[in-house]
Amino acid sequence: DVFYRELPKVELHAHLNGSVSCPTIEKLISRKPHLNIGHGMTAIGKGQRRTLDECFQVFKVIHQLVDTEEDILMVATDVIKEFAADGVKYLELRSTPREEKHTGLTKKSYIETVIKAIKQCKSEGVDIDVRFLVAIDRRNGTEVAMETVKLAEDFMLSSDGLVLGLDLSGDPTVGHGKDLLPALQKAKNCGLKLSLHLSEVPSQLEESDLLLDLPPDRIGHGTFLHPAMGGSQGLVDKVVKHNIPLELCLTSNVKGQTVARYSDHHFKHWYQMGHPSVICTDDKGVFSTDLSQEYQLAASTFDLSREAVWKLSHDAIDCIFAPDTVKQQLKQKWIYLQGN
Ligand code: 5GP
């Protein structure tokens, strides 16, 4: 629907390697035919579902295809242009810096290459403001988390405002947030913004309670925080007290089977409360979606008027990690586009 495509949008929860489109995967496969990777292994199609565990297997396959600076440059450039073509005006990309000994890729060159892609798109005049969040994979534990914070801090100070913060992601059934707390605390103290995946699976309530005391600047998913989803009022109270926006990814949660049906999605509980709720894609490549489609799904599932959809995309501006001057520019853009 052209309304959703033309709607100016803000994307705040997009993992780089989960966002790789089919055409880009094709290019990667032709670069590495010896890996024998087929398309069905990198994306979950319409009507298909996978367990969360199977979703994490998909990321491993994509990581095999994306292991050089050239790959990262191509993937990041393609992803940015695809978001721009979908009407996204402001994008916070996140990715886990990886070291690949056999190709010479280092965590530092990984981040440098993403920054290069952002700058390249900007110099080509692509109509999108892109920022970067450095991701911590929770599976890798305390020490790696601490190193990642240091790396992110260095880039925050040297990237002209392109690196804004940290993401905590990775398989939610592995590791415990308490081991990562010192690193996250340090990140916060040095001015990095924090977006944490919280309560993606039901067993994480204690961890969420602990991490909410930081408090984070945004929450990824937060699927099981609300009492209607098996969480607790105490957790909701903390989220509300600190006014922490939620990044909500409908298709991802349904295809990853942490939410049974679109109509059961926790968007409805938070949106009804008037709590800042931002519609996002998570992994547009893996889950075969885009942000326009996610807005359209939210509107059709929860019966939102076009005015309500405009307000939803406009209110997302207040949840970005870039400074107030950027928020003002985006709000001007929304006003201008609404008038046209
Ligand atoms: P990358 O960080 O390599 O650019 O993107 C893929 C990675 O993002 C995955 O390996 C995983 O750590 C993280 N990721 C992507 N989608 C999800 C999700 O739905 N939940 C969690 N917890 N992590 C995710």
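I took helices (H or I, at least four residues) and strands (E, at least two) as DSSP runs, numbered from the N terminus. On that basis I find 14 helices and eight strands in the protein chain.

The model is predicted, so I kept local features only at pLDDT of at least 70 and side-chain atom pairs at pLDDT 80 or more, while totals for chains, interfaces and linings use all residues. Residues are numbered from 1 along each chain as its sequence is written, and side-chain values use heavy atoms, without hydrogens and water.

Burial. I call a residue buried under 20% relative accessible area, exposed over 50% and partly exposed in between (1.4 Å probe, protein chains only). Buried residues are 58% of the 340 in the protein chain.

Aromatic rings. I paired rings of Phe, Tyr and Trp (its six-membered ring) with centres within 6.5 Å; planes under 30 degrees apart are stacked, over 60 edge-to-face, the rest tilted. The structure holds four such pairs. Phe 267 and Phe 302 form a tilted one, 5.2 Å centre to centre with 40° between the planes. This pair links helix α11 (residues 267-272) to helix α12 (residues 291-302), its members being 35 residues apart. Phe 267 counts as buried because its relative accessibility is 0%; Phe 302 is buried at 17%. Ring pairs join both to Tyr 271 in a cluster.
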